[in-house]
Amino acid sequence: MKNAFVIVTLSGLLSACAVAPQEQPVAQSAQAAAEQAEAREQAHAKAELDAKAELDAERARLPKVALTGNLLNQLLRAEFAFRGGDWQGPYITMLSLAQQTRDPRLARRAAEMALAARQPEDTLAAVRQWRQLDPESDEATQYYLGMVILSDNISDAEGIFRKRLEGAPAPVRGVVLYQVQQLLARAKDKEAANAMLGRLVAPYRGTLEGHVVLAQGALARGDKAAASREARAALSLKPDSEIAVLTLAQAGENEAQVRALLEKFLAAHPNAREVRAAHARILVNAKQFEAARTEFLLLDKQQPDNVTTLYALGVLATQLNDPSGAERYFTRFIDVLGRNPEDERDPSKALLILSQLAEERGDIKAAVNWLDKLPEGDEKAAFGAQLRRAQLLGKGGDLPAARRLLASLKPAEPVAQAQLAATEAQVLRDAGQVEGAFTLMQAATRRFPTNPDLLYDFALLAEKSGRLEVMETTLREVMRLAPENHQAYNALGYSLAERNIRLVEARALIEKALGMAPEDPFIMDSMGWVEYRLGNLDAAEAHLRRAYSLRRDPEIAVHLGEVLWQKGKQADAQKLWREARAKDPQNDTLRSTLARLRLSL
């Protein structure tokens, strides 16, 4: 049993997957990069021109107001009062001046003040005046719609929506319909919003977009039957519509039905990117990681350098015990982000994973280099990175540098102080100074006696130093402080099984842990080990094989090997032990097992 380093929650990290890159010849990659850079420059230039044109149009609509001394004085006093914490007086001043000068910018400022003060009714009143003063302002209309939709009376929105739909060119009317549906989905009065949506869509009832919008509206109110009818009608108009089939999938009764639907669609339309991405997510949820990786690889070929797909492939590689693949895809993910500074995605998780992967293959220098690339600004993340850097320095053999780094950290929060103590103890333990680590942790637990994480680490250190009674007492205190802490139950159960004592109690503890974390391979390992100690070799093998399929950890391999050895499968056992030795030549569990069985590899 050991602590699992949880890298990622798959369903969370893959929830927005799109598509990503395929390796290309250098010439093609260079040409593609040049084309992408040129396209970005053109898009940036166009955006600047559009913004300038919009600003010019706004200036042309603004009234000519002389900035008199009296007006300037009122504006400054209102702004200073607002910064001082008063919102109502400045709000009234801005609205009054907006009415006097007919300047919509002052009404907008009043709306900003009311919004900051969390006053929705006053915000709506100011936005309404802003729109009256500048009826051609799209921004004012958007703010107005957003506020009206969240109010108790949404009727004012219907005329605006209808005018926008009627004025939209046919090719973009579908987009406007989707926007209307999404805004109405936020309304408090769901019944009124649904009725309004039906009236607005009625003139476009026979279009693909009309059916999809009605289907999505039905989904929002929980009517899957109506959603399914509308989505199928949309598909009948355009059989290759991805949004239609994805909407139909949302109306599916179960995951198997949805999966069959998407697979049938992909067979007919193999280049449907969004549908393939949705199918990949379903496979991930079903824990069919190899099949999911196949889908993401297809997406990777369709659209090179999509960071979401690269990240997904990296995550799946870690789940499939493919560290080289994980390192390759996460490295590409970081490279693509570096070439696209406008992309605001946070690279921190990928950098931490890359650091861990480098450490696991023994490259401490590379592990530190990845940490050096972490973005600045997040104090909590920076503190965690420094702790990790100290651990790596210690593992690299520079214990004094590791301790100097830790001594330089001065966290104010008690939780961070406890983390600092636990990290220093871990550095000492890794360096073989178990007694020094125990003394340090003992002092830390006296300072922070109710910190369950610190107590758990102290318990494991107590076991390492042979203080088994201290270990058990401390783990039971963790269970009292944090009854949901499955690691504490697992650690005590495994310790009892390892010592071959109180095995029935050990199994009960591990069963409780497994009930809280049924997919944890290290708890499965503990369950397999206690079954082995109880003489249930078949049950032991089943648990350990399942654990090893999820996490090819050396300790699990050693346990499974011993079970197979006792079952007469010596060749299989020796193969597993060799795999464990290749991954961790100094593994204590492997050494003690081979010594106990009087074997050598």
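Reply: Two residues are in contact when heavy atoms of theirs lie within 4.5 Å. This is a predicted model, in which local features need pLDDT of at least 70, side-chain atom pairs count only at pLDDT 80 or more, and totals for chains, interfaces and linings use all residues. Residues are numbered from 1 along each chain as its sequence is written, and side-chain values use heavy atoms, with hydrogens and water left out.

Start with Thr593. Not counting residues up to four places away in sequence, Thr593 touches Val558, Glu562 and Trp577. Thr593 sits in helix H33, residues 588-596. Helices here are DSSP runs (H or I, at least four residues) and strands are E runs of at least two, numbered from the N terminus. Thr593 counts as buried because its relative accessibility is 1%. The cut-offs: buried is under 20% relative accessible area, exposed is over 50%, and partly exposed lies in between, with a 1.4 Å probe and protein chains only.

The side chain of Thr593 also has a polar partner. One of its polar atoms lies 2.8 Å from the backbone oxygen of Thr589. A polar contact is a pair of N or O atoms within 3.5 Å; within protein, one must be able to donate a hydrogen and the other to accept it, and residues adjacent in sequence count only if both atoms are side-chain atoms.

Now follow Trp577. With neighbours within four places in sequence set aside, Trp577 contacts Ala557, Val558, Gly561, Glu562, Trp565, Leu590, Thr593, Leu594, Leu597, Leu599 and Leu601. Trp577 is also among the residues with the most contacts inside the largest nonpolar core, along with Leu406, Met441, Leu454, Leu475, Leu492 and Val530. That core has 74 residues. A nonpolar core is a set of buried Ala, Val, Leu, Ile, Met, Phe, Trp, Tyr and Cys residues joined through side-chain atoms within 4.5 Å. Apart from it lies another core, of 65 residues, including Ala107, Ala140, Leu248 and Ile282.

Next, a charged group around Glu472. Glu472 forms a salt bridge with Arg476 (3.3 Å, N to O). The term requires a side-chain nitrogen of Lys or Arg within 4 Å of a carboxyl oxygen of Asp or Glu. Both residues lie in helix H26 (residues 468-481), and because they are four residues apart, about one helical turn separates them. Arg476 is partly exposed at 33% relative accessibility. Glu472 is buried, with a relative accessible area of 17%. Glu472 has a salt bridge with Arg502 as well, the closest N and O atoms being 2.8 Å apart. Arg502 lies in the loop between helix H27 (486-498) and helix H28 (503-516), so this pair ties together parts that are 30 residues apart in sequence. Arg502 is partly exposed at 37%. Elsewhere, salt bridges that share partners join Glu79, Arg108, Arg109, Glu112 and Glu139 into one network.

Another pair sits within helix H14 (residues 255-268). There, Arg259 and Glu263 are four residues apart, so about one helical turn lies between them. Their side chains meet in a salt bridge at 2.9 Å, N to O. Arg259 has a relative accessible area of 24% and is partly exposed. Glu263 is partly exposed too, at 35%. The whole structure has 43 salt bridges.

Helix H11 (residues 208-220) holds His211. His211 is buried at 11% relative accessible area. Beyond four places in sequence, His211 touches Arg205, Gly206, Glu230, Ala233, Ala234 and Leu237.

Gln88 belongs to helix H4 (residues 88-101) and is partly exposed at 47%. Its C-alpha lies 9.4 Å from that of Asp122, 34 residues away in sequence. Leu76 lies in helix H3 (residues 69-83) and is partly exposed at 40%.

Finally, the chain as a whole. Its secondary structure comes to 33 helices and zero strands. Of its 601 residues, 44% are buried. Among contacts between residues at least 6 apart in sequence, 53% join residues at least 24 apart.
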